[in-house]
Amino acid sequence: MSREAIESFVDEIRDEVPKIRRALAIIHACPEDRDALHEAHRLAHSIKGTALLVQIPVLSEIALKQELLIERIMEGRLSMDHRLRDTLERLTDIFETYASWLLVGSVPEQKLLDDASALFERHVPNEVQPSRSTDVASVRRKPVSDVSSAVEASDDEVTGKSARPTIEEFKPA
């Protein structure tokens, strides 16, 4: 990835992080605020998808963990208490940390993925991790088509339809 592309991606993450934090604060204060829940979910989903698009699957995997926790709040399977807010905030911190390391050129991916996995497991200890792996090498080895299928399946579960655009959306007007 070019330096310009990395800087653009890092700028995007840095723009999204305060919005995630604002949405999390609203959810913590008012758990029934569906708009804030949807905004936090949309932002985590956006980071997940963009990271995958720019071929940073480990960050995509970390964002998926946050997205899944927010989905569980939306479904009523988890409640936004202090512990869950701390987890979601710490996952957001990992986004920022990852972005900073990207600018340096060397990301401690395994540590960040381990930290995110441990945070996720605090709330869903008996579930399989989203990628079925907490190992950077296996996340990186996963073919993009497998990850895309997982992302599409996640989209289908949340929205009831695929987020994959149709060819019609790309045709000039």
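His28 is a residue of helix α1, where helices are DSSP runs (H or I) of at least four residues, numbered from the N terminus. The structure is a predicted model, in which local features need pLDDT of at least 70 and side-chain atom pairs count only at pLDDT 80 or more, while totals for chains, interfaces and linings use all residues. Residues are numbered from 1 along each chain as its sequence is written, and side-chain values use heavy atoms, with hydrogens and water left out. Although His28 and Met80 are 52 residues apart in sequence, their C-alpha atoms are 5.8 Å apart in space. Leaving aside residues up to four places away in sequence, His28 touches Met80, Asp81, His82 and Arg85; contact here means heavy atoms within 4.5 Å.

The packing of the helices comes next. Two packed helices are described by the angle between their axes and the distance between the axes. Axes are lines fitted to C-alpha atoms, for helices over the stretch in contact, and angles run from 0 to 180 degrees between N-to-C directions. The axes of α1 (residues 3-29) and α4 (residues 82-104) come within 9 Å and cross at roughly 165 degrees. That angle makes α1 roughly antiparallel to α4, a term for angles over 145 degrees. The residues of this contact comprise 13 nonpolar, 4 polar and 8 charged. In this division, Ala, Val, Leu, Ile, Met, Phe, Trp, Tyr, Cys and Pro count as nonpolar, Asp, Glu, Lys and Arg as charged, and the others, Gly among them, as polar.

Helix α4 also packs with α5 (residues 109-121), at an angle of about 170 degrees and with the axes 10 Å apart. Consequently, α4 is roughly antiparallel to α5. Residues of α4 that meet α5 include Leu91, Ile94 and Tyr98, and among their counterparts in α5 are Leu112, Ala116 and Leu119. The contact of α4 with α5 divides into 6 nonpolar, 2 polar and 3 charged residues.

The axes of α3 (residues 57-75) and α5 come within 10 Å and cross at roughly 10 degrees. The two helices α3 and α5 are therefore roughly parallel to each other, a term for angles under 35 degrees. Their contact holds 8 nonpolar, 1 polar and 3 charged residues. Lys65 in α3 and Phe120 in α5 are among the residues that meet there. The charged end of Lys65 sits over the ring of Phe120, 5.6 Å from its centre; the criterion is NZ of Lys or CZ of Arg within 6 Å of the ring centre and within 35 degrees of the ring normal.

Conventions: Angles under 35 degrees count as roughly parallel, over 145 as roughly antiparallel, 65 to 115 as roughly perpendicular and the rest as oblique.
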